[in-house]
Structure formats: C-alpha cells, structure tokens
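Trainee: I have a new model open and would like to learn how its descriptions are reached. Could we go through them together?
Mentor: Gladly; here it is.

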Amino acid sequence: MTARTGDREGRWAWRLTGLVTLLVYVFMFAPIVATVVLSFNSSMFGGFPMTGFSLQWYGKLMQNEQVLAAFRTSLWIALVTAVVTSAVGVMTAFALVRFEFHGKQALSTLVILPALVPETILGVGLLVLIKAVDQPRTLLILVLGHILLAVPYVVLIAQARMVGIRRVYEEAALSLGASRLASFREITLPLLVPAVVAGVLLAFTISFDNK
C-alpha cells in the first residue's frame, strides 16, 4: 500500500513538474508568437484584432541591412551559447550528482551563483572586469558572457533529471565491461535527452533575449 502511494505521488509529481515546465515555456514564448503574428498586420500599429494581412513590413525589413546584420549576429551567438552551455551544463550536472570530490559544494555554489545575480549587475560587473584587465571587447568575450549567464539554468535542469535516473543502470553497464564513457553515452545520455532539449531551448532563449 505504501509503495503504491509512493508511486502515485511520484507520477503526480512528474506530471506537476511537466505542467509547470510547459507553463514556463508558454510564458516565455507566447510574446514571441504574438509578435510574429502581428508582424503580418497591415497596420503599422500592432494590436488585435488585426486590420488585414500584409507582407510589407518584411519587405522593409529585408531592405535594412543593419537590422539583418544584428539579427544574424544574435542568432549565431545564441546558437553557439546553446550548444556550448548544454555540453558544459550536462557534464557539470553529471559530476555533481554522480561523484563525491573535494570542493563539490563550492563548485555547485559557484556554478549557480550567476543565476542569483541580476543580469544587469552581472553585465556591468563583467564590463568593469574587462576594462580593469585591459581586455578588448570582442565577440568571443560576449559569447563567454552569455555562456556564464545561461550555464546555471542548464545545470539545474540536468541535475533535476539526473537525480531521477537510477544509478543501477550505469552500474549494470559497468559490470558488463562497458567503460564509464560508454556507459554515459549509451545509458545516461539517452535518458537525459529531455533535459538536454530543455536546456538547449532555455539557453538559446536566454542568450537571444539578452543580445
């Protein structure tokens, strides 16, 4: 009876987590969807109901090279940030959940710390640091700043999923002769796919929004 109750509570907990995650993504992406829909409005003032369907604003957009260049740069930075952040975040979450090592708590705090600092303060602080060490402001520095900003969220998502993956699957693979790398690639990583996808989307959104 207790086991059934625990399984039922576990299923409801996962359903609630999925619902909250869905609502978060709806909250984040709904303004973007509304903006895209209103971009086809024939009126120059956005608002519902739409006065008509028109592509004239896209024609004007395609003629503005400065806007297109800025969009390409933002898209490139967001893609690089999403890929790098997801790889770093998943490996960091795996290390924090599966291993015990000296300084683990300090590393966990250090990784999550950027999420606790307002983005404006973090940006200003990085700008002051760059100026203090006389480092030129380059595209690489900008990408590193975006990675620093997005890593905590990917780590938290991956950690939440990693905790739910039983260690016995990896131990079974190791006992059958698989290396730790092969065990991670063939067992752990496929089970982490939902967290990886969520991390990529969130990192891309955070980076693109802050560019």
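Mentor: From the N terminus on, the protein runs α-α-α-α-α-α-α-α-α. This is a predicted model, where local features need pLDDT of at least 70, side-chain atom pairs count only at pLDDT 80 or more, and totals for chains, interfaces and linings use all residues. Residues are numbered from 1 along each chain as its sequence is written, and side-chain values use heavy atoms, with hydrogens and water left out.

Trainee: How many helices and strands does the protein have?
Mentor: There are nine helices and zero strands.

Trainee: What radius of gyration does the protein have, and what would a compact globule have?
Mentor: The protein has 22 Å, whereas a compact globule of 211 residues would have a value near 17 Å. The radius is taken over C-alpha atoms, and the globule rule is 2.2 Å times the number of residues to the power 0.38. Those C-alpha atoms fill a box of roughly 65 × 55 × 30 Å along the principal axes.

Trainee: Why is Phe29 called partly exposed?
Mentor: Phe29, which sits in helix 1, has 29% relative accessibility and therefore counts as partly exposed. Buried means under 20% relative accessible area, exposed over 50%, and partly exposed in between (1.4 Å probe, protein chains only). Buried residues make up 27% of the 211 in the protein.

Trainee: Where does helix 6 bend, and by how much?
Mentor: The bend is about 35° at Ala150, and Pro152 follows within four residues. A bend is the angle between axes fitted to the seven residues ending at a residue and the seven starting there. Helix 6 (residues 139-163) still reaches 36 Å from its first C-alpha to its last, close to the 36 Å expected for its 25 residues; the expected span is 1.5 Å times one less than the number of residues.

Trainee: Which residues lie nearest the centre of the largest pocket?
Mentor: Ile32, Phe71, Phe204, Phe208 and Asp209 do, out of 20 lining residues. By class, the lining has 14 nonpolar, four polar and two charged residues. Nonpolar covers Ala, Val, Leu, Ile, Met, Phe, Trp, Tyr, Cys and Pro; charged covers Asp, Glu, Lys and Arg; the others, Gly among them, are polar.

Trainee: What makes a space a pocket?
Mentor: On a 1 Å grid over the protein atoms alone, a pocket is an open set of points with protein on both sides within 12 Å along at least five of seven lines, and lining residues have an atom within 4 Å of a point.

Notes. Helices (H or I, at least four residues) and strands (E, at least two) are DSSP runs, numbered from the N terminus. On a 1 Å grid over the protein atoms alone, a cavity is a set of points where a 1.4 Å probe fits but cannot get out, and a pocket is an open set with protein on both sides within 12 Å along at least five of seven lines; lining residues have an atom within 4 Å of a point.
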